[in-house]
Amino acid sequence: MAGLLRGSGTQQNGRAPSGVVTGLRARLLERTGPAGLVLFVDQLEEYAAGEPDAARHLFTLLVAVSGEGIPGAGSVRVIATARAESVEVLVTAETADLLSAATVFLAPLSGTALHRAITAPVDAVPALWFEPGLPERIVADAGNEPGRMTLVEFALTRLWERRTRSMLTHAAYDDLGGVAGALARYADDAFDAQVEPSEVPVAKRLFAQLVRPDDGGGFTRKPARVTDLAPELRALADRLVPTKLLVRGRTPDGEEIVDLAHEALTRLWQRLAVWLTPTAAFRAWQEEVRRRLDEWQQDHESTGGLLRDRPLAVAETWLKEQPEDITPAERRFIEASIARARYRVHLRQGAVALLAFLLLVAVSGVVAALKTNRDIQSHLRTQASQVLARTVELRNGQEPATALQLALAAWHTRPTDEAYGALLSQYVVGQYLVGSHPSGITQGMTGMGVSRDGRTIVVKASAEGSHHSTVTVLTGLLEGKPRERRLRGTPRDGFSGLLSADGTSYAAVTGDGTVLVWDLTRPDRLPGPRTLRAKGAEGRKVNGTKLSFTPDGRRLLCLLMYYEKITGPPARRDGTLAAWDVGTGRAVPVDPGLSREDQWGGAAFTADPDVVVLSGSSTGPDKDLVVLRELSTGREVRAFPKSDKLLYTVVREGTAVLQQPGTRRVRPKATDPAGETRVLGTGRSPSLVTSFRRELDSSVDSTCRYTVETLNTSDAGHYQDLRLTDLSTGAVHRTRLPDLAAELVGGGTADLAVLPRPGGGLTVIAPVTDGMVVARAEPANLPATDGVSDDDGATSALSPDGRRLARLSDTRSEVVDTFRGGSEVRKVAVDGSVPPLWTADGRWIVAWTGTGGLRAYRASGSGRGIELLLPGDRRGAPSTHVIDAVQPVKGTGIAVLTADGLLARFDAATGRMTGRPLTVGKRQRRPMDIFGATGQLAVRPGHPSEVAVLTRESIQEGEIQVWDSSSRKRRLLITSGTVERSTGA
């Protein structure tokens, strides 16, 4: 087909003649009839790398042939696969539009899918199986390296050849050198079997002719014509072809070629890499000379295509240094160039004017060619950017990490309107994100642990419908260099696990009481687990388990709770408390009295490795008891007050206890004294870490140092706003995360980790549906109101620093100090059904009046407030405008958007408008639909005077304006899809 295309004159304009296309399509459909035909063209990148021009012509012909079919005779459809890096070689200006509409990006196989691809063929063969654990090793060794599928395929083939009876074994896999080593070891063995030491120089020359340098400093394979090889190279190639290191083939023109068997040899065969490095300069030059030689021959050996000046000088040097590797055709081309150069020397003085003219023509041609090339590249980048942006819409919500990277790729490819819109949609979801790692490790996730410094992450997951869990260790996420490793030797049945705070160990306890500990200090080579057994657990049925490490990770504590019937009712409930030295695996003395019948439901180390904090069993008589005891003697250090009105939760790696009221209101008031939360230390002497006047109905993060509460979620569920409370200081932070892989459940442990960030703020590590994300959390800069009424119908809003709460009813306002207690109350006349709004500096509160306007009040002190009047409004009279949105801007500024398209800025401290209102939308000339969508305002982060404006008529089109309320200038006009709104959780 490529030969037909070249022979049809497509070099003229890049298109196949219509007659050729019609005839070829008709001949193809003669064999299929009305059913039509599907052509599947695989690995086009191989053709593009070896013969780029022919590959481009072939792709153009395939596009033309796949057009509309002949009536009554069916049609031709083409499915072609190629790597992304070959797109620029294959696509022309005429085929770019079709490519942008018909491209499907195929993601690499996840770890689970790769495991299935490895095991399914073996499972289908009777009496053939893998030695246990071998498929997991292969998946782990394959990692996420480029070309891993080919390497896995090669390793499995070699593994089959070395099978022991009906088993594929670890021993054979180790002998191969794993996934990466299988290919290299095979290449070494095959080479040594066929090549004598004296022939190695010839082999180096042969392999150098079968590759070319790439743009990344490495090499890529390139077939060599047999006729271009010296006789000794051809003889050696004939001997190496049966070993499958080399393969024979033919070009579209029928010429015989020799090629490397696989591209991976250039990356993984160390011997070949050592040989090729010194040849890089020569081969780069030789490839350029061959290109010039082809052009010279196609131009009927015109003297204009000969080498000259510096290229000719370089060619003469290589001709002297490596004459044996230069083909006869190349030699003739160089010698012709030398002869022509000598002839030019004799004519130089008499042809200066002519040469100047020719130089001008040549420069003009180069400029024109460069401009054409730039135009094509620009068009391709625009098309690719648009394709990537459209793909973001498909991935958004379901694959947030992938969607973010696609949006960034679209923008970096070309900042088109579509790319800008894609980035805007991702900004709404990911404005707090600082990094992401698309991966399949969070699919089926059942638990996650993160070390204190965030450098080690452990994810436990199980495939759908499977009881077998896998554990993956992820490192380097915060540094932007994520690396995944699968733990070996995890139990087949269910188990619970825990990562030590320092990230050096991972422990798991199974249903029979067996404890397994993995050493994670060498993430590049994770060993199997060490097995520990608790005395007295043999043969018992374990109903519940608790694990705890000391803060330094040196000791491990395990509580096993049993539930079993011995000979009949009543059931027997008891437990075992055991501890070990993690480094040596030796048992640490534990007082037998700590394993009393029906006593403990929880156990954890405190900051003192010799003292544990124990909490009562939920079914025992001391279910509300929390006590500190010495591990070796059982002596009580102290107990926390027992009361039906108090609830206790062990937090901060066992170094603190969270104390909250036991009796909770359905809707507690902010001034309710029963809402106080206290964090108590677990040292030998009583201590108060911190307290705050707020009851927490929330989860605790995986480090047990922060509480996690949901503030808002988007309409489509693509993101949620979270409030994070530091249990050491009571400080409040806020962040926004994409759709999480695990739902947040109040009162439990959230599968996300919160870590202090150098320089202030927090870092949040969270699993999403398609990987892991890293987000920042900033000190609470609300209004992030609950958006609900209290028992008396009042609404509330937190101040920007999170320390004060404003509550409004129709007749009363109250500002509550949520940390120190106390409040200020005043009489007002406002619409208490709408939550109040704080100014950015926290000094003023803005409320809606009963007449549809706005009034500003000082946050502290008294006064009737200041009315904010829009144009045409009078004091005390109903407003002539419908207010759609209000947002605080810099200082005491308030931005107001009306339904009739006016944007105004007020100073809440004076009630004055800053200039005349800006017209940002169309004036309504018909009655407004009060049930329809309303306009929206959002302050641009980092630019406190700028607001994003979405008017009523532009909501469906997604036309967003960004205005600077201080300079009264429009900064941006963005066109995107419909923008989501967040709603109170």
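Guide: A charge sits over a ring if NZ of Lys or CZ of Arg is within 6 Å of the ring centre and within 35 degrees of the ring normal. The charged end of Arg638 sits over the ring of Phe640, 4.8 Å from its centre. Likewise, Lys460 lies over the face of Phe495, at 4.3 Å from the ring centre.

Visitor: On what basis are such values given?

Guide: The model is predicted, and local features need pLDDT of at least 70, side-chain atom pairs pLDDT 80 or more, while totals for chains, interfaces and linings use all residues. Residues are numbered from 1 along each chain as its sequence is written, and side-chain values use heavy atoms, leaving out hydrogens and water.

Visitor: What makes Phe207 and Trp269 an edge-to-face aromatic pair?

Guide: Rings of Phe, Tyr and Trp (its six-membered ring) pair if their centres lie within 6.5 Å; planes under 30 degrees apart count as stacked, over 60 as edge-to-face and the rest as tilted. The structure holds 11 aromatic pairs. For Phe207 and Trp269 the centres are 5.7 Å apart and the planes stand at 85°, so the pair is edge-to-face. The two residues are 62 residues apart in the chain.

Visitor: Why is Phe207 called buried?

Guide: Buried means under 20% relative accessible area, exposed over 50%, partly exposed in between (1.4 Å probe, protein chains only). Phe207 has 0%, and therefore counts as buried. Trp269, with 1%, is buried too.

Methods
Helix = DSSP H or I, 4+ residues; strand = E, 2+ residues; numbered from the N terminus.
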